[in-house]
Amino acid sequence: EKLGLNELRRMFQEFYEGKDHYARKSFSLIPEKDKSLLLINSGMAPLKPYFAGLETPPSKRMTTCQKCIRTGDIENVGYTARHATFFEMLGSFSFGDYFKVESITWGWEFITEVLDMPVDRLWASVYEEDHEAVEIWKNIIGLPEERIVPLGKDDNFWEIGTGPCGPCSEIYFDRGEKYGCGKPDCKPGCECDRYVEFWNHVFTQFNRDDAGNYTPLAHPNIDTGMGLERLACIMQEVDSIFNVDTIQYILKSVVELSGVEYKDGTANTDISIRIITDHIRSVTFMIADGILPSNEGRGYVLRRLLRRAARHGKLLGIQGSFLADLSKKVIEVSGSAYPELEERRDYIHKILTVEEDKFSTTIDQGTAIIHDYMKELNAASQTILSGEKVFKLYDTYGFPLELTQEILEENSCTADVEGFNEHMLHQKEQARSARKSDEDEGWSDDATMFAGLEDTTFIGYDTLSGQVSIK
Ligand code: ATP
Ligand code: MG
Ligand code: MG
Ligand code: MG
């Protein structure tokens, strides 16, 4: 009998509670008092005030299972075995309390004694200058030296600008040769799916100043993060996170709705099925946390994920709106751990219905128009769609820029993004002057569409070539 995802979450929290950690429920996906971040993307993100010493934590040891969104991973979703835009991060934290030895020792205890992971399949990466971490892995844990992989600053040193920072050590699971790329130097850190990184232990021990100096912190911190879906993938011995019990439950529903066979491979239909499965999780959780579809910031991320899912539904031949009903599956499997989903069930349903209906009245028209545009480009031996046309698709048919880009990419074309942005700016200016002349104070939203969207712009190029062809 394999351990379910919900069961693993509970085991983790109980384990750390047994080590005197205060267990707190997940923070919202919307960052509080943190303008640097659009959406919470790690367990430590909402705990920054404690790490920075600006606020006193309820306990020097904490554990959470944090809802996370990483739109930066959107192009991996459906293609790798391990990436989702929404995932849960199990975390253990020490605010100036225990440090490396306990962090690694307890982590090891949890995976090898509580979960009984086969020891000979586990590897650890360390920051190449962190001799202390190497010693712990070698002498306290007894991990053979050849399974301790030193990596450089890019991989194993955590820092964002100035402030607290430090080396990290990551734990990998070897899923076996059949998942490997076969290269002789394939080891943790390789891009293939053989060695799955699943637990990052960050040792925040320095402060970096403006001049680039690293000063040791008097009270170093621990911040660990383990993807719950990845842990479940390993424990349930399945090929990808999409075959983990709770996620597979949603995926099966997508398969049923579409009537397309899921082959669990690299066919375009398989990828569309996984994309919808992933995006419905993200949008359901986002709406439950109070985010509404809009044309900027978080609301734009939501709209983009939602419309992208709707379009992949079309590609699979799903007739009519389906996302609102699909969200019920997400609530079914995650509702016990996240009561806010249950509480806002009707609200989530309503928002999804309104937004999807709004889009479905124009999606067919918009898609037909893109294809006409591409035909024209093709006839003129051109590949770049003008900013004016990309803007028209956005403005008239509700196609987020990235969606248009995705469709163009599938047909070896690209969008004139600069031209699009100019049209966008022009529209904003017109709206602003209209507003001035009207003296309508209700229109107080001046933010531009991409405000705070640094990690979500111009990505999401999927290659689904063959799905859509130019008639
Ligand atoms: P990867 O290299 O696989 O993209 P990462 O190094 O970006 O992962 P971290 O920032 O170290 O990830 O986050 C800590 C943990 O969170 C990871 O070890 C992994 O278990 C999990 N995780 C990170 N990104 C994702 C994702 N997109 N989907 C699911 N789990 C994730
Ligand atoms: Mg990553
Ligand atoms: Mg990594
Ligand atoms: Mg990592």
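Which residues are the closest to ligand 1, and how many surround it?

**Entry 1: ligand 1.** I worked from a predicted model. I counted 16 residues around ligand 1, and I listed Asp73, Phe87, Asn200, Gly225 and Gly227 as the closest. I then looked up which elements give two or more residues to this shell: strands S3 (86-94), S8 (195-208) and S9 (214-227), together with helix H6 (228-235). S8 supplies the largest share, four residues. By residue class, I recorded six nonpolar, six charged and four polar residues in the shell around ligand 1.

**Entry 2: Glu177.** I located Glu177 in the loop between strand S7 (163-174) and S8. Is Glu177 buried or exposed? I found 9 C-beta neighbours inside 10 Å; Glu177 therefore counts as exposed, the limit for that class being 12 or fewer. I also checked Glu177 against Asp193, which is 16 residues apart from Glu177 along the chain, and noted a C-alpha separation of 9.7 Å.

**Entry 3: the two domains.** The domain assignment gives domain 1 as 5-235 and domain 2 as 244-438. I noted 31 Å between the C-alpha centres of domain 1 and domain 2. To the contact, domain 1 brings 20 residues and domain 2 brings 22 residues. On the side of domain 1 that touches domain 2, I found helix H1 (5-17), strand S2 (61-69) and H6 as the elements giving two or more residues. That side of domain 1 holds 12 nonpolar, five polar and three charged residues.

Notes: Residues numbered from 1 in each chain as written. Chains lettered and ligands numbered in written order. Predicted model: local features only at pLDDT ≥ 70, side-chain atom pairs only at ≥ 80, totals over all residues. Near = placed C-beta within 6 Å. Nonpolar A, V, L, I, M, F, W, Y, C, P; charged D, E, K, R; others polar. Buried ≥ 20, exposed ≤ 12 C-beta atoms within 10 Å, placed from the backbone. Domains from an automatic or database assignment. Contact = placed C-beta atoms within 7 Å.
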